[in-house]
Amino acid sequence: MAKGAFDGLRVVELAQWVFVPVAGALLADWGADVIRVERPEGDPYRALATQGIGTDGGGVNLSVALANRGKRSVALDLRSEAGRAALDRLLDTADVFLTSFRPGALERLGLDADTLAARYPRLVYARGHGFGVRGPGADRPGYDSSAFWAQGGMAHVLTPPDRDAPIGQRGAIGDRNGAMALAFGIATALLQRERTGEGSVVDVSLLATAMWTLSSDVLSALAGGRPRAATGREAYVNPLVGAYRTSDGRHIQLVFLESDRYWAGFCRLVGRDDLAADPRFADLRARAENRDACVDALEAEFATRTFAEWKELLGRIDAPWAPMQAVEELLTDPQVLANDYLGQVEVDGGPTYSLPNVPVQFNGRPADLRRAPEHGEDTETVLLDLGYTWEQIAELKDAGAIP
């Protein structure tokens, strides 16, 4: 494995489910030694059945693999004095403490930010949460479907107004976006520590992640608007920005934001010079004023060719457009393959499987993906590294501090 940007840094992760563990996986992708502390019964995410990629997958638990790749797993009962003492010894070696536990739980464990900052002045303390660490919702449990999708405005904005119920959220979409922000915050805090010698506290909430994702809509609301998904003809403010249906029921997305720049060339490409010469469509303003007629003409034209024919034809013009692909089509997309956006995990004596790669690449290379650990797989190894003897490890087992 090539040397990573975070080689030599240790992250102690006390987190469950997806949001914060994915941030740890991203740090592990770039070389950090991420030690995942799980309770003796394991992260409940390990038992989740979802979309055929969890415990219902019949093979590798790909959900857990994506969220925990490249880490080591230690099982500790933090309710026991011995387990809590083992965590303290682990924190003595840490550069980053990464957690998804709520403020109340962290205070009861003596793991709140003030306590650890006083004990470890160089420690980067990073926490991911649902609703922020202040205010009446600070100690509420938060998942991405509640804090990000529901309260964060995503469901409202994306649900067409003619639907009786909100559209459903895709799995962990807020979690993985929040994880990118949290990993960025940790990297920033580590750089600051290099310059100042001091650690800091990093906070990312799923609620704030939703608001950042919806920045354009938030700005509209601040200006007095009421953002909501545009549907039908109202979505085509510029007729050259929109999705058009092909003869075989697929769609092509045009994004001709500078429509005057592309209109004449597009008309020539499709053999419709008459549209370019039509005074109703002469420029951006004229096409907006005659929006319905322009959309009608484009819909009729797109209905004359198949999805494959449109892709081949539009490939000849230097203009922004894209086919509306199904997720399964991404697996063979030439751009995905050429840029290594899917990575391979090779397991000694086990199956090889693919995972989405971290979107960031250094020097034209993606991260080298490593498998996720089994629950508690590295407990004894890590404890030995911390100076425990085999006799002391046996005592921890007898005391129930480790499984």
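Strand E10 (residues 342–345) and strand E11 pair in the antiparallel sense over 4 bridges; two strands count as paired if DSSP finds at least two bridges between them. Within this pairing, Gly-343 has Leu-355 in E11 as its bridge partner. Helices (H or I, at least four residues) and strands (E, at least two) are DSSP runs, numbered from the N terminus. Strand E11 covers residues 353–356, with Tyr-353 and Leu-355 on a covered face and Ser-354 and Pro-356 on an uncovered one. In a regular strand the side chains alternate between the two faces of the sheet.

The model is a predicted one, in which local features need pLDDT of at least 70 and side-chain atom pairs count only at pLDDT 80 or more, while totals for chains, interfaces and linings use all residues. Residues are numbered from 1 along each chain as its sequence is written, and side-chain values use heavy atoms, with hydrogens and water left out.

Taken as a whole, the protein has 19 helices and 11 strands. Its C-alpha trace spans about 85 × 50 × 45 Å along the principal axes. Of the 403 residues, 43% are buried; buried means under 20% relative accessible area, exposed means over 50%, and partly exposed lies in between (1.4 Å probe, protein chains only). The accessible surface comes to about 20,600 Å², and carbon and sulfur atoms account for 53% of that surface. Accessible areas come from the Shrake-Rupley method with a 1.4 Å probe, and for residues only the protein chains shown count as cover.

Contacts (heavy atoms within 4.5 Å) can be sorted by separation in sequence. Among those between residues at least 6 apart, 67% join residues at least 24 apart. Ala-117 sits in helix H5 (residues 113–119) and is partly exposed at 43% relative accessibility.

The next topic is charge. The protein has 42 positive and 56 negative charges, and their mean positions are 3 Å apart. Lys and Arg count as positive and Asp and Glu as negative, with His and the chain ends not counted. Each charge is placed at NZ of Lys, CZ of Arg, CG of Asp or CD of Glu.

A search of the whole structure finds 26 salt bridges, each being a side-chain nitrogen of Lys or Arg within 4 Å of a carboxyl oxygen of Asp or Glu. One of them joins the side chains of Asp-88 and Arg-84, at 2.5 Å from N to O. Both residues lie in helix H3 (residues 81–91), 4 residues apart, about one turn of the helix. Asp-88 is partly exposed at 23% relative accessible area, whereas Arg-84 counts as buried at 13%.

Another salt bridge, at 2.4 Å from N to O, is formed by the side chains of Arg-127 and Asp-203. This pair links distant parts of the chain, with Arg-127 in strand E5 (residues 124–129) and Asp-203 in strand E6 (residues 201–205), 76 residues apart. Arg-127 is buried at 17% relative accessible area, and Asp-203 is partly exposed at 33%.

Glu-380 and Lys-397 also form a salt bridge, their closest N and O atoms being 2.7 Å apart. Glu-380 lies in helix H18 (residues 379–385) and Lys-397 in helix H19 (residues 390–399), so the pair ties together parts that are 17 residues apart in sequence. Glu-380, at 28% relative accessibility, is partly exposed, and Lys-397, at 38%, is partly exposed. Some salt bridges share partners: they join Glu-13, Arg-36, Glu-38, Asp-43, Arg-46 and Lys-71 into one network.

Two loop residues remain, and backbone angles are the topic here. Most residues other than glycine have a negative phi, and most peptide bonds are trans. Trp-17, which is not a glycine, has a positive phi near 65 degrees. Trp-17 is in the loop between strand E1 (10–14) and helix H1 (19–29), and at 25% relative accessibility it is partly exposed. Asn-363 is not a glycine, yet its phi is positive, at about 55 degrees. Asn-363 belongs to the loop between E11 and H18 and is exposed, with 83% relative accessibility.
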